[in-house]
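Please read these notes with the model open.

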Amino acid sequence: MGLLSDPNRRRALITLLTRLNAPICVVCYMAGVAWFMGLAFEPFTLRTYMSENAMGSTMVEERFPAGERALATGREFAAHKRKAGGMPVDWLVKTLQARGLEVFTQRFSRTLPFPDENKERYMVKGTNVYGILRAPRAPRTEALVLSAPCSPGENNNQAVGLLLGLAQYFRNQIYWAKDIIFLVNEHDLIGMQAWLEGYHHTNTTGMDWSPLQGRGGSIQAALSLELSSDVVTSLDLVLEGLNGQLPNLDLANLFYAFCQKIGVLCTIQGKLQRNDWDSVSGYSHAVQTMMLMVMKQASGRPWGDHGLFLRYHIEAASIKGINSFRQYKTDTTTIGRLLEGMYRKLNNLLERLHQSYFFYLMPSLSHFVSIGYYMPAFGLLAAILFMRALDLWVQLTAPPLPPEEGAAHVKQSSPGVLSVLTPLVISHVTGAALYALPIHFQQVAVEHFPVSETEAVVLTAIAVYTAGLALPHNTHRYKTLHGWRVLKLVAVLYLAVLLGCTALINFSLGFILALTLVPIAAFVTPHVPKVLSAFVLVFLSPACTLLFSVFFFQELQEVPVSFQEGWMLFLSVISQGILDHSLYGSLVYPLISLLVYPCWLLFWNILFWN
């Protein structure tokens with residue numbers, strides 16, 4: 001404290017920090033990247049463990065004898081689905097009623113803001129069917145959910161058959177202390193969104209749905225099941241939800257514990273766990289697994305039906321059956337035993353899952369990285385912004401040098417408010433146009449250009465984004481000697497707050513944005529070479545970051561694409577981002593358009609200040 005309270009020492013410290021500002025920034029950036037890459041090294045991670053005592057080991061045996069019957073029911077469901085041309089509502093209602101459940105249906109409809117060309121739909125209508133198994137040993141104030149989406153074609157028929165088989169088996173057991181809800185939702189996420197809104201009496205997305213006639217207790221946890229083959233080689237756990245939310249780590253620990261107990265091959269991000277962590281290939285495998293989780297979390301979209309439960313503080317995950325080239329096979333009976341064991345453990349909960357972590361990264365199912373381990377990597381990048389802000393503040397508060405005798409008089413004017421306010425306003429107006437115009441102008445674009453509605457939305461977004469680079473963000477009338485320094489100080493502090501808030505909600509998105517925007521914020525000035533600097537700024541802009549992320553994600557999944565295929569994926573990601581915001585409330589698109597892009601435009605404006 002004496003160092004900061006003594007004016008002379010404080011002045012000496014500030015002088016040292018400003019003199020070594022650039023080297024310190026470079027070291028912080030390299031240290032932040034190195035810290036993050038080291039998180040996948042197994043000795044630096046924590047082993048997973050069960051924090052919730054109520055879900056600890058018990059002397060029970062998981063039972064489910066009806067695996068073959070479940071597959072037969074799945075084939076029957078597939079036949080009725082082909083006959084009905086979609087969801088066989090009447091057959092599902094009769095089948096669930098025959099198993100002794102209280103059965104209800106919910107109709108819903110939604111008009112998309114523009115056609116979803118990936119799934120070829122614009123006006124969506126469907127029906128959800130769900131049955132409630134009332135708890136015989138409790139006051140029915142809590143519930144668990146098992147869902148299986150009714151997917152088009154031959155997809156997920158086995159999951160619905162297993163769900164119906166579990167419903168029949170659960171009905172004959174007497175130990176349930178919570179209601180069990182068996183849900184078959186149509187049109188994947190849209191149907192799940194309608195059901196959750198109806199269950200919780202909310203309507204945040206403007207969807208039309210009929211009120212639910214039957215409800216269970218407060219939902220404590222949920223699992224979504226996806227099986228599309230009679231042969232399953234491994235089960236993949238999907239955790240990433242809407243806006244980067246993750247379920248309580250104990251839910252992942254529970255899945256991993258039962259896979260180990262029953263002998264089921266389990267994966268995360270589609271990758272098996274390796275034990276050779278001390279080798280280069282083992283470390284590379286862990287990095288790929290962790291980076292896949294980072295990329296999926298940063299996208300902000302739900303990667304399964306479970307992703308929408310997290311918005312209602314319901315711990316949920318999706319379990320996907322994978323049929324690959326591996327020789328290891330898992331039958332439906334074993335999968336049913338695993339699910340029965342998980343629900344018996346969740347049935348023992350006396351309160352919501354809360355004792356374990358909600359913020360984490362997983363390089364494997366047996367190891368995790370907690371928030372206390374990965375936040376320093378972001379903190380090192382954020383420190384660069386505060387170092388540059390300190391340097392700018394010292395330059396602005398330093399007394400002006402007296403003009404030399406005979407030298408031309410330079411007007412030392414104070415930084416005007418308009419010199420900073422003008423680019424701030426214009427940049428944010430451009431961001432608002434990027435957010436609002438693509439959907440509102442799609443009909444105008446379709447009338448004047450030979451493009452579809454989806455293409456019109458994406459091309460309008462790209463046009464507005466590109467036009468923002470040419471706008472006169474400042475005028476010579478309001479420029480002052482120190483105006484660009486004031487603007488950069490505001491922009492650097494603005495970026496620091498923006499990235500900090502983003503990283504607290506969605507660390508992966510905040511870290512990826514920090515990797516590209518912090519170098520721009522640190523070193524852009526009006527005095528650097530214009531052409532080269534402009535190229536670097538465009539190269540590190542939010543749009544190019546998204547484009548590179550598309551290619552990087554495909555490489556991580558070991559499905560590399562050509563530039564043309566990657567460009568089409570890039571356009572598809574833009575349209576899906578806008579759709580996810582309209583349909584489910586994803587915050588990534590408004591964050592980029594209303595805040596990140598305008599902030600980047602401020603640095604673009606600083607480069608061309610003269």
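This is a predicted model: local features need pLDDT of at least 70, side-chain atom pairs count only at pLDDT 80 or more; totals for chains, interfaces and linings use all residues.

1. Residues are numbered from 1 along each chain as its sequence is written, and side-chain values use heavy atoms, with hydrogens and water left out.

2. The structure holds 13 salt bridges (a side-chain nitrogen of Lys or Arg within 4 Å of a carboxyl oxygen of Asp or Glu).

3. One of them joins Asp230 and Arg75 at 3.5 Å, N to O. Asp230 sits in the loop between β7 (218-226) and β8 (234-238), and Arg75 in helix α4 (residues 67-84), 155 residues apart. Helices (H or I, at least four residues) and strands (E, at least two) are DSSP runs, numbered from the N terminus. Asp230 is partly exposed at 35% relative accessibility, as is Arg75 at 47%. Here buried means under 20% relative accessible area, exposed over 50%, and partly exposed in between (1.4 Å probe, protein chains only).

4. Arg134 and Asp179 form a salt bridge at 3.4 Å, N to O. Arg134 belongs to the loop between β3 (121-133) and β4 (142-150), while Asp179 is in strand β5 (residues 179-186), 45 residues apart. Both residues are buried. Shared partners join Glu102, Arg134 and Asp179 into one network of salt bridges.

5. Glu558 pairs with Lys271 in a salt bridge of 3.5 Å, N to O. Glu558 lies in the loop between α18 (542-556) and α19 (563-584) and Lys271 in the loop between β9 (266-268) and α9 (280-299), so the pair ties together parts 287 residues apart in sequence. Glu558 is exposed at 58%, whereas Lys271 is buried at 10%.
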